[in-house]
Amino acid sequence: MESCCIEQFLEGKTIFITGATGYLAKILTEKILRVQPNVKKLYLLIRAPDSNSVRQRFNNEVIKTDPFGVLREKLGANLHSFIEDKVFPVAGDIACNSMGINSELKDEMCREIDIIVNSAATTRFDERCDTATRTNVLGAMNVLKFSKQCSKLMMLLHVSTAYVCGEKEELILEKPLNYGEMLNGSSHLDIDVEQKLVEKALKDLQDRNATEKEVTLAMRVLGIERARLHGWPNTYSFTKSMGEMLLGHLKEDLQLIILRPTIILSTYKEPFPGWIEGMRTMDTFIVGYGKGKQKLAMGGRETITDVVYDMVVNSVIAAMVAHRNPSSRIDVYHISSSRRNQIKIDDFIRIGVDYFKKNPRIDKRGKPVKVKKFHLLVSMDSLHIYIAIHYMPSLKILKWANFILCQHLQIHHTNLQRRINHTIRLAELYKPYAFFKGIFDDTNGEMLRMATRESNADDTFNFDPTTIQWDKYLKETHIPGLVKYIF
């Protein structure tokens with residue numbers, strides 16, 4: 001798997017990428033086009049009703065984004081014709097039959113596609129269970145059905161999450177999930193029953209004319225309840241697990257590769273350092289603290305926060321080449337850092353606090369934002385005690401003052417109550433990761449890396465977590481990236 005071998009492998013290939021407007025898919029698309037301009041075609045599935053809408057989303061949400069600046073600079077006026085020749089946005093939705101692709105285009109794609117990368121997912125921890133089921137479970141099934149119709153398909157590469165493991169505390173192995181196996185060891189998980197339960201709950205809400213807000217809240221609560229009943233901490237990890245189970249159970253002789261990344265941060269080197277979209281678990285605290293609005297975080301001081309960066313894209317490409325020969329196995333890769341290059345939550349937060357003390361954000365008035373003294377709460381109990389001491393007295397005073405002043409302080413009382421509830425809700429959502437005690441085995445990932453280390457492939461397709469210095473990366477790349485793209 002020399003570098004030239006990887007680039008030669010990509011030459012002349014037709015690759016279908018779902019979830020093309022997502023963070024990972026954009027970096028993958030850019031990387032393939034940059035390192036191998038002689039790739040034959042990239043079909044990009046984008047949720048849209050028609051060809052005009054898909055082209056608009058592709059231009060605004062993919063090509064015009066910063067990662068494609070390197071290609072724009074390299075190709076100049078030729079970029080437009082290059083993209084027109086190589087990249088084909090496809091209107092559709094993985095939650096629909098045949099992924100919503102019109103039949104004529106679908107037939108053409110099925111004749112041409114060599115590799116499918118399924119990166120489409122909804123990643124919100126407490127997503128509506130109907131939405132998460134449609135995308136992460138039924139969507140995975142629809143991608144599999146489509147894959148089986150592709151006459152020259154070499155492999156289906158499915159991007160999952162390392163946290164399908166739930167809240168395990170030991171070394172977590174790179175092995176496929178057993179169909180119907182629940183994490184809490186109780187009776188068999190029936191995925192059909194789960195889907196029907198979600199459909200019935202949604203229909204019941206619609207039959208009694210529930211508002212959209214009521215439907216959303218009820219479906220989010222149901223998702224968390226079903227996940228925890230079966231041993232998963234949230235709707236995201238539960239539905240991603242069911243998607244994996246279905247793929248493994250129904251794939252037949254299709255070559256299936258499952259990549260399970262942990263928490264993906266900003267780009268390390270390519271296409272340039274520090275680009276990011278959306279906030280990851282620990283970023284929520286970093287951003288809130290830098291804005292001067294937050295001084296609390298929750299987590300175990302010794303908890304390892306397993307984070308990775310754009311090495312995930314390089315591992316996707318390396319896995320394509322490594323599995324170029326037909327096989328009917330399921331191969332699973334953890335793309336992780338906790339086994340080989342650990343960083344603890346305490347250190348992650350300390351670096352963020354130090355950064356904003358030395359580099360305060362400038363507010364709209366041109367003045368530096370003063371950050372507050374930081375507190376790490378090491379349990380949910382400590383959070384409730386902190387709230388009881390620092391917030392509940394104010395809430396009670398506001399309640400009485402509001403009563404005396406004929407509800408004139410109602411908005412202040414409501415806002416404070418909402419802030420307290422929001423803090424507790426976020427803490428409950430992030431608790432499984434803030435106190436996570438598992439270590440992700442990456443033996444398969446290391447074997448994949450070894451195959452690239454024997455040549456100069458590390459320069460272009462490096463995904464070795466031991467090559468990064470977390471302190472330097474966070475201070476010089478990731479946090480400045482958050483300030484630029486998220487603040």
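Which residue stands opposite Ile 257 in strand 11? In this predicted model, the residue opposite Ile 257 is Asp 331. The two strands concerned, strand 7 and strand 11, run parallel and are joined by six bridges. Strand 11 is mostly covered, with five of its six residues buried.

These strands belong to an open sheet of seven strands, paired in the parallel sense and arranged in the order 3-2-1-4-5-7-11. The edges are formed by strand 3 and strand 11 (330-335); each has a single partner strand, so one side of each is left without a neighbour in the sheet. From one strand to the next, the twist averages 20°. Elsewhere in the sheet, four bridges link strand 1 (residues 14-18) with strand 2 (residues 41-47), again in the parallel sense. Within this pairing, Ile 15 has Leu 42 of strand 2 as its bridge partner.

Helices pack against the sheet. Helix 12 touches strand 1, strand 4 (115-118), strand 5 (155-159), strand 7 (256-261) and strand 11, and its direction makes about 165° with that of strand 7. Helix 6 lies across strand 1, strand 2 and strand 3, running at about 140° to strand 2.

The packing of the interior was examined next. In soluble globular proteins, nonpolar side chains tend to be buried together. The largest nonpolar core of the model comprises 95 residues, among which Ile 15, Leu 33, Val 117, Leu 157 and Met 320 touch the most other members. Helix 12 (residues 311-322) supplies the largest share of this core, namely nine residues. The surroundings of Val 117 illustrate the contacts in detail: when residues up to four places away in sequence are not counted, Val 117 touches Ile 15, Phe 16, Ile 17, Thr 18, Leu 28, Leu 157, Val 159, Val 316 and Met 320.

Helix 7 (residues 129-148) was considered separately. Its 20 residues reach 27 Å from the first C-alpha to the last, close to the 28 Å expected at 1.5 Å a residue. A kink of about 35°, centred on Gly 139, is present in helix 7. Helix 7 is also mostly covered, since 15 of its 20 residues are buried.

Several loops carry backbone features of note. Most residues other than glycine have a negative phi, and most peptide bonds are trans. By contrast, Glu 270 and Pro 271 are joined by a cis peptide bond, with omega about -5°. Pro 271 is located in the loop between strand 8 (263-264) and helix 11 (283-290). Positive phi values occur at Ser 98, near 55°, and at Gln 407, near 70°; neither residue is a glycine. Ser 98 lies in the loop that runs between strand 3 (87-92) and helix 6 (103-112), whereas Gln 407 is found between helix 15 (392-404) and helix 16 (410-434), also in a loop. Ser 98 counts as partly exposed because its relative accessibility is 31%, a value between the limits of 20% and 50%. Gln 407, at 45% relative accessibility, therefore also counts as partly exposed.

Definitions and conventions
Residues numbered from 1 in each chain as written. Predicted model: local features only at pLDDT ≥ 70, side-chain atom pairs only at ≥ 80, totals over all residues. Heavy atoms only, no water. Core = buried A, V, L, I, M, F, W, Y, C linked by side-chain atoms within 4.5 Å. Buried < 20%, exposed > 50% of the residue type's maximum accessible area, 1.4 Å probe, protein only. Contact = heavy atoms within 4.5 Å. Expected span 1.5 Å × (residues − 1). Bend = angle between axes of the 7 residues up to and from the residue. Pairing = 2+ DSSP bridges. Axes fitted to C-alpha atoms, helices over the stretch in contact; angles between N-to-C directions.
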